[in-house]
Each structure stands twice: as structure tokens, then as C-alpha cells.
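Take a look at the protein model below.

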Amino acid sequence: MASTENHTVELNMGLLPLEWLLGTWESDEPGEGCFPSIKPFRYMETLSFSHVGQPVINFMFNAFHAETKKPMHRECGFIRMQPGTNRVAFIIAQNSGLVEIEEGELTAQRLELQSQAVARTSFAKEPHVQQICRVFQLRPDGKLEQTVSMATDNKPPTQHLHIVYRRAF
């Protein structure tokens with residue numbers, strides 16, 4: 001159930017397989033970020049997955065530098081499921097000027113996604129991201145794990161981010 005301004009709405013039946021994602025998740029310990037072209041970094045992140053009864057989950061991801069607490073990466077968008085299948089799509093806008101569509105499959109409480117389309121502002125920082133792969137896994141201890149890999153103009157797919165979250169509410 002989700003609350004809107006005037007009433008509580010039930011999760012759309014087509015999204016029941018993703019119900020385990022709903023709510024707010026906060027990083028347990030700092031996540032690790034690295035890529036061959038950048039200095040390794042540590043970050044904290046909050047994920048929020050919500051709905052308003054439509055066949056769509058809304059999401060917002062907010063990352064902060066682990067030491068300075070300064071805002072870093074932001075992503076927001078929507079999650080859709082192809083009716084009658086385990087196919088899932090993330091439609092994502094990032095504060096870096098990148099937009100993407102990731103598609104993949106849900107197997108139990110594991111979601112594996114790969115970018116199908118990536119676009120960017122004309123003045124996005126180089127090297128340009130060409131591909132993103134993302135895995136969400138609900139672990140047996142109830143924590144949510146996310147791993148993100150990416151490829152750029154000059155680097156093959158390489159792990160970029162890894163973080164574990166606990167359910168906040």
C-alpha cells in the first residue's frame with residue numbers, strides 16, 4: 001500500500017514481483033566506487049522506491065561522499081514490468097546529464113539489467129558512458145546489494161560501484 005495525498009492505494013498487480021524493492025533503503029557501510037579513469041571513492045546512498053497505484057514504480061537514488069557528506073550522484077525514474085513476464089525496464093535520468101533505458105530479467109529477488117539506450121547532454125563529461133549493467137539482489141539477511149558496471153568510449157565493461165543497503169522504512 002502507498003499513500004497519496006487523499007488516500008492509500010494498492011500496488012498494481014503487475015508489479016507484485018517487485019514488491020520487495022518498495023520503501024527506503026540506506027547504505028549500511030560506505031559503498032565503493034572505482035573506474036580506471038578516476039580515483040577510488042567511498043559513498044553513502046539512499047534509495048527510495050514508491051508507487052501511486054499505476055503499473056510503475058517511481059525511484060530516486062541520492063549518493064553522498066562518505067567523508068565530506070557532499071551530494072554526489074543522483075538518479076530518478078521509473079520501473080516497469082512487461083505484463084505476464086519477468087522482463088523489467090528502468091527509465092533513468094541522472095544529474096550528470098545522462099539518460100538511459102535499462103532492461104533485464106527478474107529472477108526471484110535478483111534483478112539483472114543492461115542498458116538498451118544511453119543518451120547524454122551535448123556537453124557531458126568525457127569519456128562518454130556507452131553501456132551500464134546493474135544488479136540488485138535481496139540477500140538472505142534482508143539487505144539489498146547493488147553492483148554497477150559500465151563501459152566508456154575507451155574502457156571495456158568494468159565494475160564501477162558496489163554497495164549494500166538496509167531497509168530504513
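This briefing covers the pocket, a surface patch, the salt bridges and some backbone details. The model is predicted. Its largest pocket has a volume of about 800 Å³. A search of the whole structure finds 11 salt bridges.

**The largest pocket**

- The volume of the largest pocket is about 800 Å³.
- The lining of this pocket is made of 29 residues.
- Closest to the pocket centre are H73, S96, V129, M150 and H160.
- Six elements are named as giving two or more residues each to the lining: β5 (38-50), β6 (57-65), β7 (71-81), β11 (129-138), β12 (144-152) and β13 (155-167).
- Sorted by class, the lining holds 15 nonpolar, eight polar and six charged residues.
- How can empty space be found in a model? Rolling a probe the size of a water molecule over the atoms shows where such space is left.

- F78, I91 and I101 make a nonpolar surface patch of about 230 Å².
- I101 belongs to strand β9, which spans residues 98-107.
- I101 counts as partly exposed because its relative accessibility is 33%, and partly exposed covers the range between under 20% (buried) and over 50% (exposed).

**Salt bridges**

- The whole structure has 11 salt bridges.
- E26 pairs with R166, and their closest N and O atoms are 3.3 Å apart.
- This pair links distant parts of the chain: E26 is in strand β3 (residues 23-27), R166 is in strand β13, and 140 residues separate them.
- E26 has 27% relative accessibility, so E26 counts as partly exposed.
- R166 has 36% relative accessibility, so R166 also counts as partly exposed.
- A second bridge joins R134 to E102, with the closest N and O atoms 3.0 Å apart.
- This pair also links distant parts of the chain, with R134 in strand β11 and E102 in strand β9, 32 residues apart.
- Are R134 and E102 buried or exposed? Both R134 and E102 are buried.
- E112 forms a salt bridge with R110, and here the closest N and O atoms are 2.8 Å apart.
- E112 is partly exposed because its relative accessibility is 42%.
- R110 is partly exposed because its relative accessibility is 32%.

**Backbone details**

- P127 sits in the loop between β10 (110-120) and β11.
- K69 has a positive phi, near 65°, and K69 is a residue other than glycine.
- K69 lies in the loop between β6 and β7.
- K69 counts as exposed because its relative accessible area is 54%, and the cut-off for exposed is over 50%.
- A108 has a positive phi too, near 55°, and A108 is a residue other than glycine.
- Where is A108 found? A108 is in the loop between β9 and β10.
- With a relative accessible area of 66%, A108 is exposed.

How values were computed. Residues numbered from 1 in each chain as written. Predicted model: local features only at pLDDT ≥ 70, side-chain atom pairs only at ≥ 80, totals over all residues. Heavy atoms only, no water. 1 Å grid on protein atoms, 1.4 Å probe; cavity = no way out; pocket = protein on both sides within 12 Å on 5 of 7 lines; lining within 4 Å. Points joined across faces, edges and corners; volume = space filled by probe spheres on them. Helix = DSSP H or I, 4+ residues; strand = E, 2+ residues; numbered from the N terminus. Nonpolar A, V, L, I, M, F, W, Y, C, P; charged D, E, K, R; others polar. Patch = residues over 30% accessible without salt bridge, like charges linked within 9 Å, V, L, I, M, F, W, Y side chains within 5 Å. Areas by Shrake-Rupley, 256 points an atom, 1.4 Å probe, with all protein chains shown as cover. Salt bridge = Lys/Arg side-chain N within 4 Å of Asp/Glu carboxyl O. Buried < 20%, exposed > 50% of the residue type's maximum accessible area, 1.4 Å probe, protein only.
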